[in-house]
Structure formats: C-alpha cells, structure tokens
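Visitor: I am new to this structure and would like a close look at one part of it. Please take me slowly through the packing of its elements against one another, and through some of the residues found there.

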Amino acid sequence: MDHSSHGGMDGGHMCNMNMLFTWDTSNLCIVFRQWHITSSLSLILSLAAIVAICAGYEALREGIRQYEASLTKRVDTSPRQNRDQVARRAHVTKAVLYGVQNFYAFMIMLIFMTYNGWVMIAVSVGAGLGYLVFGGRTPVTKETACH
C-alpha cells in the first residue's frame, strides 16, 4: 500500500510510505519528509546515521543506568533527616530520564517501521554495535522491546 505525501514543494519527489517489507529505496523518506533518500550516497550516509543513532541509544541506556546507581548511592548516604527530600528529587530526575529514553526508543521504532530492509538492518547493526561498545555490564534481555 502506497501512502505518498500529499502536495509537496520538492519538485515532484514524493515520499513513499510502504506498509509492506521492501528493499526499494526510491522515494524513501525516513521519519520526516526532509530525510529523503535521493541517491546512493544519501542512502549510505543515512544508514550510517541510523547505525550511530541506534548505538547512541545503547550509550544513553548505559549512561542512565550509571547515573541511577549514583543517585541511589547519594540517597543511601544522605543524612537521615534529608533522605526523603533527596529521594523525591532523585525520583523526579529518573522520571525525566525515563521519558527521554522512551522517546528515543519510539523514534527508533519509527525508523524501523519504514519497512525497508536496509534501514531495518542498520537499526539492528546499530543496536548490536551499541551493545558491544556500551553494554558490557548489561544483560542481553531487554526491559522495553521498542527496537
């Protein structure tokens, strides 16, 4: 099923939004109309960017884990009379980080949902590379299965 963009001021080049798996990259747009694949070079650069974005997600997850451990330590070592206030602030900080992490994961899910095989492979390679580089102390199982 083809849901091409409507109107458009880009000289007649429309984005294809495939709802079925494909390897075709003609008129492929990734998430935004402005991220339009127009050549082999733009495809290669986009795939490299997707690998980096997905590896960055794994770096973010690891950074949040480390920050959460330091927050827990800070709460545990704070004076008893301040512990509740420190714990509340830590919880708010963790909630914000959780929101950022989920937004990032859903954006990667949208990238994957181009249903383009090359893009899907780039997402998987980026996730694996990110885990290899940043996930040394992380179990392989995922808490959130967004990508």
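## How the helices pack

Guide: Read from the N terminus, the elements of the protein follow the order α-α-α, and the secondary structure amounts to three helices and zero strands. The model is a predicted one, in which local features need pLDDT of at least 70 and side-chain atom pairs count only at pLDDT 80 or more, while totals for chains, interfaces and linings use all residues. Residues are numbered from 1 along each chain as its sequence is written, and side-chain values use heavy atoms, with hydrogens and water left out.

Two packed helices are described by the angle between their axes and the distance between the axes. The axes are lines fitted to C-alpha atoms, for helices over the stretch in contact, and the angles run from 0 to 180 degrees between N-to-C directions.

We can begin with helix α1 (residues 40–77) and helix α2 (residues 83–112), whose axes come within 10 Å of each other and cross at roughly 170 degrees. Because of that angle, α1 is roughly antiparallel to α2, a term for angles over 145 degrees, whereas those under 35 count as roughly parallel, 65 to 115 as roughly perpendicular and the rest as oblique. Sorted by class, the residues of this contact between α1 and α2 are 18 nonpolar, three polar and six charged. In this sorting Ala, Val, Leu, Ile, Met, Phe, Trp, Tyr, Cys and Pro count as nonpolar, Asp, Glu, Lys and Arg as charged, and the others, Gly among them, as polar.

V75, a residue of helix α1, gives a local view of this pairing. Leaving aside neighbours within four places in sequence, V75 is in contact with R83, V86, A87 and A90, where contact means heavy atoms within 4.5 Å. The C-alpha atoms of V75 and V86 are separated by 5.9 Å, and the two residues are eleven apart along the chain. V75 counts as buried because its relative accessibility is 14%; buried means under 20% relative accessible area, exposed over 50%, and partly exposed in between, with a 1.4 Å probe and protein chains only. On helix α2 we find V100, which counts as partly exposed because its relative accessibility is 42%. V100 and L60 are 40 residues apart along the chain, and their C-alpha atoms are separated by 9.3 Å.

Next comes helix α3 (residues 117–134), whose axis comes within 7 Å of that of α1, the two crossing at roughly 35 degrees. This crossing of α1 and α3 is right-handed, which is the word for a near helix turned clockwise from the far one by less than a right angle, left-handed being the word if it is turned anticlockwise. The contact of α1 with α3 has 15 nonpolar, two polar and two charged residues by class.

Helix α3 also packs with α2, at an angle of about 145 degrees and with the axes 8 Å apart. Here I108, I111 and F112 in α2 meet V119, M120, V123 and S124 in α3, and the residues of this contact divide into six nonpolar, one polar and no charged.

Not counting residues up to four places away in sequence, V119 touches L28, I30, L47, I50, I111 and T114. V119 counts as buried because its relative accessibility is 0%, and its C-alpha atom is 9.1 Å from that of V51, a residue 68 places away along the chain.

Between α2 and α3 there is a loop that holds Y115, a residue with a positive phi of about 60 degrees although it is not a glycine. Most residues other than glycine have a negative phi. Y115 counts as partly exposed because its relative accessible area is 24%.

Conventions. Helix = DSSP H or I, 4+ residues; strand = E, 2+ residues; numbered from the N terminus.
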